[in-house]
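Subject: Structure handover

Hello,

Here is the structure for your files. My notes on it follow below.

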Amino acid sequence: MKTRYAVLREEDIDSTIIEEAGRILREGGLVAFPTETVYGLGGDALQAASSRKIYEAKGRPSDNPLIVHICRMEDLPAIVEEIPRQALILAGAFWPGPLTMIFHKSELVPPETTGGLSTVAVRFPSNKIAMALIDAAGGYVAAPSANRSGRPSPTLARYCKEDLDGRVDMILDGGEVGIGLESTIIDLTTDRPMILRPGYITEAMLEDLLGPVSVDNAVLDPSSGQAPKAPGMKYRHYAPRGILTIVDGDERSRAAYINRETQKARKEGKRVGVICTDETAGLYAADLVRSAGTLRDIRTIARNLFRILREFDDADLPVLYAEAFPEEGLGAAVMNRLRKAAGQRIVRADGQSGQETLF
Ligand code: TXA
Ligand code: MG
């Protein structure tokens, strides 16, 4: 299949291109498109065959449900059984935006889209290209992140092309995304709302409006061995080509540990990469040292993380270290993704010696 590639600007959207992309989706084809979180791989959510194609293009297990994207609040009732009061409150505050809510699904949504579940995940994105595309497609676009399964979610159209060229009908390039991590997922079908995936909309922001919310235990404690409630969270999101280890501890101990391990690896002829921050980049002497952003604004780190992980893959470094980032607020989402990339491999560097404790 030949993949068409079109560049669009959010401020001045070319309607001919959107009409063409909408037609492709209505006819059962696939279009990769920008959202404010990451690029999505869209298909018509109401056509079982489109959802099957999405799984095939991504190389994704078909028990992993898709998020249905809408572009109007009025389109929600048709795909869900009921709209809890809490959903209206959250929609009022965060839609359009980076929040996905889980509802009981209506008959209209085929089981192929929800991985066989009786619930459906719904999101109303704020990116204007995404909204125009969903509208042109008829209102309901199923879209996982537009990466091949096992790769980081794409924050640039170039990465969609890398992963999906020849496997989808069209890629819409709307530039670099603003947030860089996938949406927060909250389940509203349980007695107490439960966060299934942390994201830009933080636990504190949700609790401000809803009162107490819980967090899926498998997210809080990945070593618990419990199955996550969002089926996709059980998959190792991204396995870098090199072995990635997260190093926690104070700034000096971390640097001492990483620098010592770097020397060891170099003696074995292995090249080393380090992911750090603007504030700490000067402490390292590895082969590739990349700052993800500044500790003064965790949003910068969220935005760059997936791109940097891809850059490290391109550089083909066998040994990788990442500093642990502070876990407050959006930091919880950043560390959730980083831990998955590291296959939960974290060491704590303690004291000046940078002694290692695996946990
Ligand atoms: O920001 C985002 O949400 C991006 C953009 C493209 O919108 N999409 C995205 O989709 O991250 P994906 O497929 O990569 O992640 C969807 C997650 C998976 O972990 C999946 O298991 C979970 O949502 N999910 C979907 N439907 C669900 C349901 N009914 N119950 C529980 N989890 C669900
Ligand atoms: Mg994904």
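Contact here means heavy atoms within 4.5 Å. On that basis, and leaving aside neighbours within four places in sequence, Ile298 is in contact with Phe325, Pro326, Leu330, Gly331 and Val334. Ile298 lies in helix H9 (residues 298–315), where helices (H or I, at least four residues) and strands (E, at least two) are DSSP runs numbered from the N terminus. Between Ile298 and Glu74 there are 34 Å in space, C-alpha to C-alpha, and the two are 224 residues apart in sequence.

This is a predicted model, in which local features need pLDDT of at least 70, side-chain atom pairs count only at pLDDT 80 or more, and totals for chains, interfaces and linings use all residues. Residues are numbered from 1 along each chain as its sequence is written, chains are lettered from A and ligands numbered from 1 in the order in which they are written, and side-chain values use heavy atoms, with hydrogens and water left out.

Helix packing

Helix H1 (residues 15–26) packs on helix H4 (residues 128–137) at an angle of about 50°, with the axes 8 Å apart; axes are lines fitted to C-alpha atoms over the stretch in contact, and angles run from 0 to 180 degrees between N-to-C directions. H1 is therefore oblique to H4 (under 35 degrees is roughly parallel, over 145 roughly antiparallel, 65 to 115 roughly perpendicular, the rest oblique). H1 contributes Ile18, Ala21, Gly22, Leu25 and Arg26 to the contact, and H4 contributes Ile129, Ala132, Leu133, Ala136 and Ala137. By class, this contact of H1 with H4 has 8 nonpolar, 1 polar and 1 charged residues (Ala, Val, Leu, Ile, Met, Phe, Trp, Tyr, Cys and Pro count as nonpolar, Asp, Glu, Lys and Arg as charged, the others, Gly among them, as polar).

For helix H3 (residues 85–94) and helix H6 (residues 203–210), the angle is about 125° and the axes are 10 Å apart. That angle makes H3 oblique to H6. Gln86, Ile89, Leu90, Ala93 and Phe94 of H3 meet Met205, Leu206, Leu209 and Leu210 of H6. The contact of H3 with H6 has 8 nonpolar, 1 polar and no charged residues.

Largest pocket

A pocket is an open set of points on a 1 Å grid over the protein atoms alone, where a 1.4 Å probe fits, with protein on both sides within 12 Å along at least five of seven lines; lining residues have an atom within 4 Å of a point. The largest pocket is lined by 44 residues, and Arg60, Asn64, Pro65, Arg197 and Gly232 lie nearest its centre. By class, the lining has 18 nonpolar, 15 polar and 11 charged residues.

Regards
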